[in-house]
Amino acid sequence: MTSPAMLGGHDVGGFDRWAERYDRSLLQPLYLRPLHRRLLDALSPAGGALLLDVGCGTGNLALRLAEELGPEGRVVGVDPSPAMLRQARAKPRPPGVLFVLAPAERLPFPEGTFDAAVSCVSMHHWARPRTAIRDVARVLRPGGRVALADMRALDPIRKRVQRRLHPDHHEGWEPDAVAELFLEAGLRRVRRRALGWLAPFAVLVVGERPG
Ligand SMILES: C[S@@+](CC[C@H](N)C(=O)[O-])C[C@H]1O[C@@H](n2cnc3c(N)ncnc32)[C@H](O)[C@@H]1O
């Protein structure tokens, strides 16, 4: 049987332990909130839409999306970490926001469900990124857009430090590698988005399911 901590073939125990302190991390103002802003700009979500946030963590981006969409908007956040979802569900939220326990590789939704999808700094934790991107593409409606931001591949010095500190940790992505996965999954109009001062630290790629 799959234990919650191993959903998606990936050990999310680290996130379960981090969940309670996650929103107090310095990463929030320095890295995550600016990326959330850029993801919102990349999608410019329209009222009435149904959106998916993959690897939603404590729900901050999903809640920001809901705010942007207004009272009609519906947002589903998925994450395989029960403790992260517990934090998300404890926050005040409009009735159209739902948090579901699931990994990106096995999204429990029928084909063509969502108008758009986002994901922020989650993909480098996915056990099977190729499978996951394919599943995100599957649950988008024709013409639906996905915007994904993640940690950028480290330069050689930071890579060496990271390998010593966290030998199992994925070292991040280059935009071309993300774009390739998008194209392989059948997404089109794939392009990287400008990130300003965040560019050395993050990638942001947008794609569309063909209409
Ligand atoms: C650094 S947090 C980012 C959370 C959130 N997107 C944000 O912007 O604050 C990474 C999240 O990815 C989730 N994650 C790990 N493996 C995953 C998988 N296979 N599918 C979906 N999410 C996953 C973790 O549980 C964690 O909540």
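1. The shell around the ligand divides into 11 nonpolar, six polar and two charged residues; here Ala, Val, Leu, Ile, Met, Phe, Trp, Tyr, Cys and Pro count as nonpolar, Asp, Glu, Lys and Arg as charged, and the others, Gly among them, as polar.

2. This is a predicted model, in which local features need pLDDT of at least 70 and side-chain atom pairs count only at pLDDT 80 or more, while totals for chains, interfaces and linings use all residues. Residues are numbered from 1 along each chain as its sequence is written, and side-chain values use heavy atoms, with hydrogens and water left out.

3. The ligand is surrounded by 19 residues (a residue is near if one of its heavy atoms lies within 4 Å). Tyr22, His36, Gly55, Asp79 and Ala104 are the closest. Helix 1 (13-22) and helix 2 (27-43) each supply at least two residues of this shell; helices are DSSP runs of H or I with at least four residues, numbered from the N terminus.

4. Polar contacts are pairs of N or O atoms within 3.5 Å. An oxygen atom of the ligand lies 2.7 Å from a polar side-chain atom of His36. Polar backbone atoms are found 2.8 Å from a ligand nitrogen atom at Ala104 and 2.9 Å from a ligand nitrogen atom at Cys120. Taken alone, the ligand exposes 600 Å², of which the protein buries 99% (Shrake-Rupley method, 1.4 Å probe).

5. The lining of the largest cavity consists of Ala66, Gly70, Pro71, Gly73, Pro94, Gly96 and Val97 (lining residues have an atom within 4 Å of a point on a 1 Å grid over the protein atoms alone, where a 1.4 Å probe fits but cannot get out). This lining holds four nonpolar, three polar and no charged residues.

Conventions:
A polar contact is a pair of N or O atoms within 3.5 Å; within protein, one must be able to donate a hydrogen and the other to accept it, and residues adjacent in sequence count only if both atoms are side-chain atoms. On a 1 Å grid over the protein atoms alone, a cavity is a set of points where a 1.4 Å probe fits but cannot get out, and a pocket is an open set with protein on both sides within 12 Å along at least five of seven lines; lining residues have an atom within 4 Å of a point.
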